[in-house]
Amino acid sequence: MNHEQNATSQRQNRTKTHLKQALIELIKEKGYHSVTVKNIVDYAAYNRSTFYIHYLDKLELAEDLLLSMLQGLEFSVGRPHIRGRKVYTTKLNEPSFNIVSYIYKNRNFFELINYEDTLPGLHTRFPQTILKIYKEQFVFETINNITVNMDYFKRYTAYGFYGLLHNWIHNGFKETQEEFIKEVIDLTKTHIHSFEYIGGEDRS
């Protein structure tokens with residue numbers, strides 16, 4: 001990609017980011033269904049023609065926002081881990097939960113779960129993404145190597161973790177990241193002996 005193409009791409013990404021940010025703020029202000037394209041472009045200080053260069057309508061913008069944030073959530077998980085290495089829960093520390101740092105860094109977006117008239121699909125696809133991460137990126141070993149239905153185990157663990165995240169977000173991130181992660185680690189030790197990071201769908 002030459003310099004001119006790169007500059008164009010950066011400009012387009014910047015415009016999309018501004019439009020997404022406008023949608024987030026407007027949902028909090030008036031609810032998703034009340035937001036119009038005019039509201040979005042006025043808030044972001046663009047014209048309608050610029051919006052339609054990037055998106056067909058509000059729904060396409062909303063889907064792009066949701067997809068990009070949930071993909072970021074998936075990618076964030078593997079950063080602290082080395083593929084194929086077993087990690088014992090007794091050795092877990094704050095960097096092990098990069099997913100929490102990602103959510104806190106993007107808390108302006110994730111606060112949208114506190115709203116009833118919010119981004120379409122957020123309330124279902126957020127926990128489904130946590131489950132997808134557990135299913136595709138990790139192999140778990142139970143305490144004392146107890147034999148369990150691992151599909152059930154991953155659902156139980158993923159939705160339990162989501163419940164903790166939801167509560168943390170709902171309470172306005174009252175606990176610091178460090179405090180929240182310590183609580184999660186303490187709970188993790190009660191039912192997981194170790195885990196192995198195997199990566200996502202692109203694993204070789």
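Q: Is Ala45 buried or exposed?
A: Ala45 counts as exposed, because its relative accessibility is 66% and the cut-off for exposed is over 50%. This is a predicted model, so the value is computed from predicted coordinates.

Q: Where is Ala45 found?
A: Ala45 is in the loop between H2 and helix H3, the latter covering residues 48-54.

Q: How far apart are the C-alpha atoms of Ala45 and His170?
A: They are separated by 30 Å. Along the chain, Ala45 and His170 are 125 residues apart.

Q: Let's zoom out. How many helices and strands are there?
A: The protein chain has 9 helices and 3 strands.

Q: In what order do the elements run?
A: Starting at the N terminus, the order is α-α-α-α-β-α-α-α-β-α-α-β.

Q: What does the C-alpha trace span?
A: Along the principal axes of the protein chain, the trace spans about 60 × 40 × 30 Å.

Q: And what share of the residues count as buried?
A: The chain has 204 residues, and 42% of them count as buried.

Q: What about contacts between residues at least 6 apart in sequence: what part join residues at least 24 apart?
A: That part is 72% of those contacts in the protein chain.

Q: Back to H2. Where is Lys38, and what does its side chain join?
A: Lys38 is in helix H2, which covers residues 37-44. Its side chain and that of Asp42 are joined by a polar contact of 2.8 Å.

Q: Is Lys38 buried, exposed or partly exposed?
A: Lys38 is partly exposed, because its relative accessible area is 47%, and that class lies between the 20% and 50% cut-offs.

Q: On to rings, then. How many aromatic pairs does a search of the whole structure find?
A: The search finds 16 aromatic pairs. One of them is formed by Tyr104 and Phe173 and is edge-to-face, at 5.5 Å centre to centre and 80° between the planes.

Q: Which parts of the chain does that pair link?
A: The pair links distant parts, with Tyr104 and Phe173 being 69 residues apart. Tyr104 is in helix H5, residues 98-105, and Phe173 is in the loop between helix H8 (150-170) and helix H9 (177-188).

Q: Why do Tyr104 and Phe173 get their accessibility classes?
A: Tyr104 counts as partly exposed because its relative accessibility is 27%. Phe173 is buried because its relative accessible area is 9%, and buried means under 20%.

Q: What lies over the face of Tyr104?
A: Arg107 does, at 4.1 Å from the ring centre.

Q: Which rings are linked into a cluster?
A: Tyr134, Phe138, Phe140, Phe153, Phe195 and Tyr197 are linked by ring pairs.

Q: Where is Phe138, and is it buried or exposed?
A: Phe138 is in strand S2. It is buried, with a relative accessible area of 8%.

Q: What is Phe138 in contact with?
A: Leaving out neighbours within four places in sequence, its contacts are Val77, His81, Ile133, Lys154, Phe195, Glu196, Tyr197 and Ile198. Arg83 is 55 residues from Phe138 in sequence, and the two C-alpha atoms are 9.5 Å apart.

Q: Which residues of S2 are on the covered face?
A: In strand S2, residues 138-142, the covered face has Phe138, Phe140 and Thr142, while Val139 and Glu141 are on the uncovered one. In a regular strand, side chains alternate between the two faces of the sheet.

Q: What joins S2 to S3?
A: There are 5 bridges between S2 and strand S3, residues 192-197, and the two run antiparallel. Phe140 has Phe195 as its bridge partner in S3.

Q: Last one: where is Thr89, and what does it touch?
A: Thr89 is in the loop between strand S1 (86-88) and H5. Not counting residues up to four places away in sequence, Thr89 touches Ile185, Thr188, Lys189, Ile192, His193 and Ser194. A polar atom of the Thr89 side chain lies 2.8 Å from the backbone oxygen of Ile192.

Q: Why does Thr89 count as buried?
A: Because its relative accessibility is 3%, and buried means under 20%.

How values were computed:
Residues numbered from 1 in each chain as written. Predicted model: local features only at pLDDT ≥ 70, side-chain atom pairs only at ≥ 80, totals over all residues. Heavy atoms only, no water. Helix = DSSP H or I, 4+ residues; strand = E, 2+ residues; numbered from the N terminus. Buried < 20%, exposed > 50% of the residue type's maximum accessible area, 1.4 Å probe, protein only. Polar contact = N/O pair within 3.5 Å; in protein donor to acceptor, adjacent residues only side chain to side chain. Pairing = 2+ DSSP bridges. Phe/Tyr/Trp six-rings, centres within 6.5 Å; stacked < 30°, edge-to-face > 60°. Lys NZ or Arg CZ within 6 Å of the ring centre and 35° of its normal. Contact = heavy atoms within 4.5 Å.
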